[in-house]
Amino acid sequence: MNHDLDHNEQELQLLYRGIKRAKGFHLYLAQCDNHRLRAKLMASLKQRLETDGIMVYYHHLKSPIVSLDEFLPAGLTIRENEKAVLLVSGLENSIIDTAESQAFLHRLNYARDLLPKKIPVPLVLWLPTTAFNKILTEAHDLWSWRSGTFYFSEPMETEMLQLREEMDTLVDKERQGTISEKFYKEQLDYLSNLLKDLTSSADAGAARLQQADVMQQISELHHSYSSTLLQPDQRTGCLEKALEFQLKALEIKESIMGTSHPEVAKNFANLSSIYEDMLQLDRAMESQLKAIAIREAVLAKNHPDLAASYNNASTIYRAMGQLDRALEFQLKATEIFEVVLDRNPPLRATTYNNLSQIYLGMGQLDQALGFQLKTNKIFDAILDKNHPLRATSYNNLSQIYLEMGQPDRALEFQLKAIKIYESVLDKNHPNLARSYNNSAMIFMDMGQLDRALEFQLKAIKIYESVLAKNHPLLATSYNNMSTIYQAVGQLDRALEFQLNALAIQEAVLDKSHPDLAASYNNLALIYRDMNDYASALLYAQKAVTIMQKLFPSGHLNLDKAKKNLERLRGKTGDSQVTTI
């Protein structure tokens, strides 16, 4: 797949739609550094617009201009309400670093009100990066008038295109769990040699940008491969290398493109993803918010890249237990995806799936089920019957049905998920462990404690072999094992696993995380059953303190925790009312 061509077509389609909908003057800024590519893009745009009956005027400014009148070709007058658009290139000749160019920029900035009178139709300024950044930094008023900004990538050399295609293959293989060490090393060797070749000519801006691009590819290679490694120390080493090269690429791009360029935003988004996999959620959120700030400033409000950042921010907030913020950003992403990606079912399915998981965490089960059924319907229509994403959707449906008190339906979908995972994933894959883990909880709910213990042990065996010792998923599995041992009356074992879970959660989670509240609540129940009411009361108070910060009055989980706390106070004779 040629990423540049796909991206350019997407940007051109967005620009076309903007012009087609516009009435009267609208300013669009199109960044493109390659004049041949620019000519092809304008020709394609012209053909599409003229097919819709829109007249396309074009003016290339061969020399510096001094007044706004010179935007128009000599002798041309555009009538008000005319169904037309004006494409202008060559403005960079007027805003080079001279005293005259500074004066022109100031006139352009302060005389912006005259543009609609002289050009009563959409105006598209085609600019190279240097001129684009000049307007961004030195003509703030004009910049604020833009109705859209569009970024077109220069086609890469054949070698670089081949590299991108190989990276597509790499990602596909990673998703299927089939990356071999040989494949990874071959790619790394190829990229490293390419980087050495570029380093020798890194003084030139274009070569430096190519160097940054290769660094970014190396980062993506390490990041993708890290998810296939079974040993936590090896995976950590891979992620650290991914972080190192991503930071180097970011430094180069910021120095050449400035701090407000969409490519810089992409680097921050990549950094966020790496930090997230390293469980450094605060840094992940910091990087993602930087990406969002850039994209909100320079991209159209319905741009897919902005939606992607909103989606990723939501995922991080969900991991941090901040479900209100997660929902806020996921709804922003969904709004954009439904408008501009109506023909991209996989992305719509992904955002529906994320909404479902957020609503599940908030206890809004009907909402969660509705969005998960939408996800499942899309996946059933477009994916192979053994695709892992279908298994993920089945797994999520299973969780919802269990929470709704329908364990039979929950087991039905969980077994579907396991069947797919066992057929396409490595036997130690974390997703398979997750399904074993969830199956254990279903069997427990159905009273089949032996089956619950069997599946939970399978999950823990995988997690302990492939996850870091402080990974939240391992804590979840220990928590579930504790619940099972509590149900069979082995309280010492239940306490052991719950304390193991708590040690991880207190080390890696925010102090107000809902999972931490759940562990405190579980410990309170275990100590209660062991007749240690003082310890039970202590942990019950901790659980309620967190839940009152997270949940509104009347929430099911909060009400249960409060009732448990009151019962324990009755056991201990403690009538104190905790002030939150």
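Helix H15 (residues 345–361) and helix H16 (residues 365–382) pack at an angle of about 155°, and their axes are 8 Å apart; here axes are lines fitted to C-alpha atoms, for helices over the stretch in contact, and angles run from 0 to 180 degrees between N-to-C directions. That angle makes H15 roughly antiparallel to H16, since angles over 145 degrees count as roughly antiparallel, under 35 as roughly parallel, 65 to 115 as roughly perpendicular and the rest as oblique. Residues of H15 that make the contact include Pro345, Tyr352 and Tyr359, and among their partners in H16 are Phe371, Ile378 and Ile382, where contact means heavy atoms within 4.5 Å. The crossing of H15 and H16 is left-handed, a term used if the near helix is turned anticlockwise from the far one by less than a right angle, with right-handed used if clockwise. The helices, like the strands mentioned later, are DSSP runs numbered from the N terminus, with at least four residues (H or I) for a helix and at least two (E) for a strand.

This is a predicted model, in which local features need pLDDT of at least 70 and side-chain atom pairs count only at pLDDT 80 or more, while totals for chains, interfaces and linings use all residues. Residues are numbered from 1 along each chain as its sequence is written, and side-chain values use heavy atoms, with hydrogens and water left out.

H15 also meets helix H13 (residues 304–319), and the axes of these two helices come within 11 Å and cross at roughly 25°. That makes H13 roughly parallel to H15, and their crossing is left-handed. On the H13 side the meeting residues are Asn311, Ser314, Thr315 and Arg318, and on the H15 side they are Thr351, Asn354, Gln357 and Ile358.

Among the buried residues of H12 are Leu281, Ile292, Ile294 and Val298, where buried means under 20% relative accessible area, exposed over 50% and partly exposed in between (1.4 Å probe, protein chains only). Pro262 lies in helix H11 (residues 262–277) and counts as buried at 13% relative accessibility. The C-alpha atoms of Pro262 and Ile292 are separated by 10.0 Å, although the two are 30 residues apart along the chain.

Another buried residue is His223, at 15% relative accessibility, which lies in helix H9 (residues 205–226). Its side chain makes a polar contact with the side chain of Asp277 (2.6 Å), a polar contact being a pair of N or O atoms within 3.5 Å, of which, within protein, one must be able to donate a hydrogen and the other to accept it, and residues adjacent in sequence count only if both atoms are side-chain atoms.

Finally, turn to two loops. Most residues other than glycine have a negative phi. Asn81, however, has a positive phi of about 70°; Asn81 lies in the loop between strand S2 (55–60) and strand S3 (84–89) and is exposed, with a relative accessible area of 73%. Asn531 has a positive phi near 65°, lies in the loop between helix H23 (514–529) and helix H24 (533–550), and is exposed at 55% relative accessible area.
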